[in-house]
Amino acid sequence: MAIIRLVQQKTKTEVTIPILSDNLIAIFEKYNYNVPKANEQVLNRYIKNILKDLSETVPSLKEKVPTKLTMKQKEAMRRDNIEPETDLNGNVIVPRYDCA
């Protein structure tokens with residue numbers, strides 16, 4: 001089994017990721033193990049969409065959890081005149097799949 005080892009920029013923590021798919025190895029080989037960077041915002045959007053789809057079979061992903069809204073999220077809600085859902089303590093809550 002192959003693994004990827006990297007050091008996270010923000011925390012300086014080493015992370016070990018097992019490669020469980022031959023498709024991933026083929027992608028690495030295609031780029032000569034120098035995979036191009038992905039746009040973080042686009043990647044996060046894809047992850048959220050995948051998690052939302054998975055929430056149909058993994059109910060815990062649908063559970064609503066407290067979160068903090070970003071400035072962009074607050075501005076978009078203000079612009080669209082949308083009031084965020086809140087819990088009894090006034091914390092904004094969203095489905096867990098939206099927190100990725």
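**Notebook: pockets in the predicted model**

I started with the second largest pocket, where α2, α3 (71-79) and β4 (93-95) each put at least two residues into the lining. I looked up which of these gives the most, and that is α2, with four residues.

The model is a predicted one, so I take what follows as computed from predicted coordinates.

Still on the second largest pocket: I noted a volume of about 520 Å³. I found 22 residues lining that pocket, and Lys 48, Leu 69, Gln 73, Val 94 and Asp 98 are the closest to its centre. By type, I get eleven nonpolar, five polar and six charged residues in this lining.

Next entry, the largest pocket. I have about 750 Å³ of space down for it. Its lining has 17 residues, and those nearest the centre are Leu 6, Lys 37, Ala 38, Glu 40 and Leu 43. I checked which elements give two or more residues to this lining: β1 (2-7), α1 (22-30) and α2 (40-54). The types here come to eleven nonpolar, three polar and three charged.

Last, I looked at confidence. The chain averages a pLDDT of 91, with 99% of residues scoring at least 70. Where is confidence lowest, and where is it highest? β1 has the lowest mean, 88, while strand β3 (residues 64-66) has the highest, 95.

Methods. Residues are numbered from 1 along each chain as its sequence is written. This is a predicted model: local features need pLDDT of at least 70, side-chain atom pairs count only at pLDDT 80 or more; totals for chains, interfaces and linings use all residues. Side-chain values use heavy atoms; hydrogens and water are left out. On a 1 Å grid over the protein atoms alone, a cavity is a set of points where a 1.4 Å probe fits but cannot get out, and a pocket is an open set with protein on both sides within 12 Å along at least five of seven lines; lining residues have an atom within 4 Å of a point. Grid points are joined across faces, edges and corners, and a volume is the space filled by probe spheres set on the points. Ala, Val, Leu, Ile, Met, Phe, Trp, Tyr, Cys and Pro count as nonpolar, Asp, Glu, Lys and Arg as charged, and the others, Gly among them, as polar. pLDDT is the predictor's confidence in each residue, from 0 to 100.
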